[in-house]
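Let's take a walk through a protein structure together, one piece at a time. Keep the picture open while you read and look for each part as it comes up.

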Amino acid sequence: MSSLFDPVKFGDIELSNRIVMAPLTRNRSPKAIPNDLNVTYYEQRASAGLIITEGTPVTQQGQGYADVPGLYAPQAVEQWKKVTDAVHKKGGKIVTQIWHVGRISHVSLQPNEGAPVAPSAVPAKSKTYIINPDGSGAFVETSEPRALDKSEIAGVVADYAKGARAAIEAGFDGVEIHGANGYLIDQFLKSGANQRTDEYGGSIENRARFALEVVDAVAAEIGAGKVGIRISPVTPANNIVETEPQAVFNYLVEKLGSRGLAFIHVVEGATGGDRAFTQGDKPFDYHELKDIYRKAGGTGAWLVNNGYTKDTAEQAIASGYADAVAFGKLFIANPDLVERFKTGATSFNELDASKLYGGGATGYTDYPTLEAVA
Ligand code: 8OZ
């Protein structure tokens with residue numbers, strides 16, 4: 001029986017424990033370039049078995065929010081090196097989440113102020129965050145997207161592979177492909193955003209084509225043992241809708257089974273919210289999903305997320321269901337989360353939700369460790 005504190009392998013990546021830091025958007029990297037404050041933030045959390053960074057757009061077209069750090073500018077790669085060096089010096093492991101937002105963007109963030117791209121020209125009833133010309137921030141409606149022409153899709157797939165290459169150059173141990181939360185890959189997968197009539201739309205097989213092409217391109221670029229994917233079968237995040245999530249994701253993980261990935265990261269329920277939230281006509285069966293992946297030969301670690309506590313995480317691992325658990329809000333507020341769990345601490349810093357997105361050190365790098373307050 002394994003515990004949270006046992007080592008585990010995610011493909012080529014060796015984790016010293018099973019407590020993973022979830023990807024968390026923090027909007028503290030102006031001009032899409034990581035900075036010294038970002039280095040401190042990740043270094044403080046290096047005792048995680050694995051850090052998955054916040055989403056990092058692979059192109060400017062993939063950018064949907066002000067001040068998120070990218071992977072496409074040479075300077076960003078140089079700055080990310082400082083992050084990966086700092087985490088590795090502390091004995092940690094770190095992958096970056098490669099991201100394309102698709103329709104969840106605003107013209108002011110796009111190359112030449114063009115329309116964001118999506119499987120279909122279906123707007124999301126969703127908001128994003130931009131910086132006005134006067135420097136003030138604002139939440140605004142996402143812009144009307146345009147449908148990707150079939151001839152453009154291979155280029156977007158290649159952009160993910162380029163991002164993965166840049167991640168390796170920046171010293172990351174691997175990448176997590178962002179296939180969750182209503183962004184581009186999820187938009188292709190789910191019928192609410194995908195109304196295409198070519199081989200990328202319609203049947204489940206067609207809607208999964210883009211995701212699998214991205215996985216194959218990224219794996220070919222850096223090796224499948226360094227690649228994971230995050231999925232969120234039923235989340236309503238960013239106005240994404242699917243009436244048959246079980247069928248869609250059973251198909252997807254079955255196809256992923258033969259691809260030798262390092263890990264599958266599953267957001268259970270509504271991202272950052274109700275674990276029982278579902279879409280479709282019956283509750284989603286996550287155990288069935290995992291069984292299908294394993295039966296298809298999938299050997300990647302099964303990483304689960306959403307609202308886990310130390311106790312529920314231990315149960316998920318002890319029962320054999322999960323190989324590791326990703327924690328989000330707890331890791332924001334407690335840089336020494338692993339130590340707190342290990343020592344059976346009963347006290348945890350409270351999250352200051354008003355400081356989640358944007359700003360400086362406050363609510364970012366100033367959460368104290370237990371040792372600091374002792
Ligand atoms: C919160 C705010 C902005 C982006 C996600 C990348 O939901 C995000 C995100 C979360 O995956």
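This is a predicted model: local features need pLDDT of at least 70, side-chain atom pairs count only at pLDDT 80 or more; totals for chains, interfaces and linings use all residues.

In UniProt, an unreviewed entry carries the annotation "domain: NADH:flavin oxidoreductase/NADH oxidase N-terminal", and it covers residues 3-344.

Helix α1 takes in residues 36-44, and its axis comes within 9 Å of the axis of α2, crossing at roughly 25°. Angles under 35 degrees count as roughly parallel, so α1 is roughly parallel to α2. The way α1 passes α2 is a right-handed crossing. On the α1 side, the contact is made by Asp36, Asn38, Val39, Tyr42 and Glu43, while α2 brings Gln79, Trp80, Lys82, Val83, Ala86 and Val87. Sort the residues of this contact by class and you get 6 nonpolar, 2 polar and 3 charged.

Next, move along to α3, which runs over residues 150-169, and look at how it sits against α6. The two axes come within 8 Å and cross at roughly 35°. Here too the crossing is right-handed. Which residues of α3 meet α6? They are Ile153, Val156, Val157, Tyr160, Ala161, Ala164, Arg165 and Ile168, and on the α6 side you'll find Phe210, Glu213, Val214, Ala217, Val218, Glu221 and Ile222. This contact of α3 with α6 has 12 nonpolar and 3 charged residues, and no polar ones.

Stay with α6, because it also packs with α7, at an angle of about 25°. Helix α6 covers residues 209-222, helix α7 covers residues 245-256, and their axes are 11 Å apart. The two helices are therefore roughly parallel to each other. Their crossing is right-handed. To see where they touch, look for Ala211, Leu212 and Val215 in α6, which meet Leu252, Lys255 and Leu256 in α7. By class, the contact of α6 with α7 has 5 nonpolar residues, 1 charged and no polar.

While you're at α7, pick out asparagine 250, which lies in this helix. Is asparagine 250 buried or exposed? Its relative accessible area is 13%, and buried means under 20%, so asparagine 250 is buried. Skip its neighbours within four places in sequence, and asparagine 250 is in contact with Glu288, Leu289 and Ile292.

Glutamine 63 sits in a loop, the one between β4 (50-57) and α2 (74-89). With a relative accessible area of 5%, glutamine 63 is buried. Again leaving aside neighbours within four places in sequence, its contacts are Ala32, Pro57, Val68, Tyr72, Val101, Ser105, Leu109 and Gln110.

Our last stop is phenylalanine 348, in the loop between α11 (337-342) and α12 (370-373). Its relative accessible area is 32%, so phenylalanine 348 is partly exposed. Beyond its neighbours within four places in sequence, phenylalanine 348 is in contact with Leu330, Asn334, Leu337, Arg340 and Phe341.

Note on methods:
Residues are numbered from 1 along each chain as its sequence is written. Side-chain values use heavy atoms; hydrogens and water are left out. Axes are lines fitted to C-alpha atoms, for helices over the stretch in contact, and angles run from 0 to 180 degrees between N-to-C directions. Helices (H or I, at least four residues) and strands (E, at least two) are DSSP runs, numbered from the N terminus. Angles under 35 degrees count as roughly parallel, over 145 as roughly antiparallel, 65 to 115 as roughly perpendicular and the rest as oblique. A crossing is left-handed if the near helix is turned anticlockwise from the far one by less than a right angle, and right-handed if clockwise. Contact means heavy atoms within 4.5 Å. Ala, Val, Leu, Ile, Met, Phe, Trp, Tyr, Cys and Pro count as nonpolar, Asp, Glu, Lys and Arg as charged, and the others, Gly among them, as polar. UniProt positions are given in the numbering used here, feature names are shortened, and annotations may be inferred rather than shown by experiment. Buried means under 20% relative accessible area, exposed over 50%, partly exposed in between (1.4 Å probe, protein chains only).
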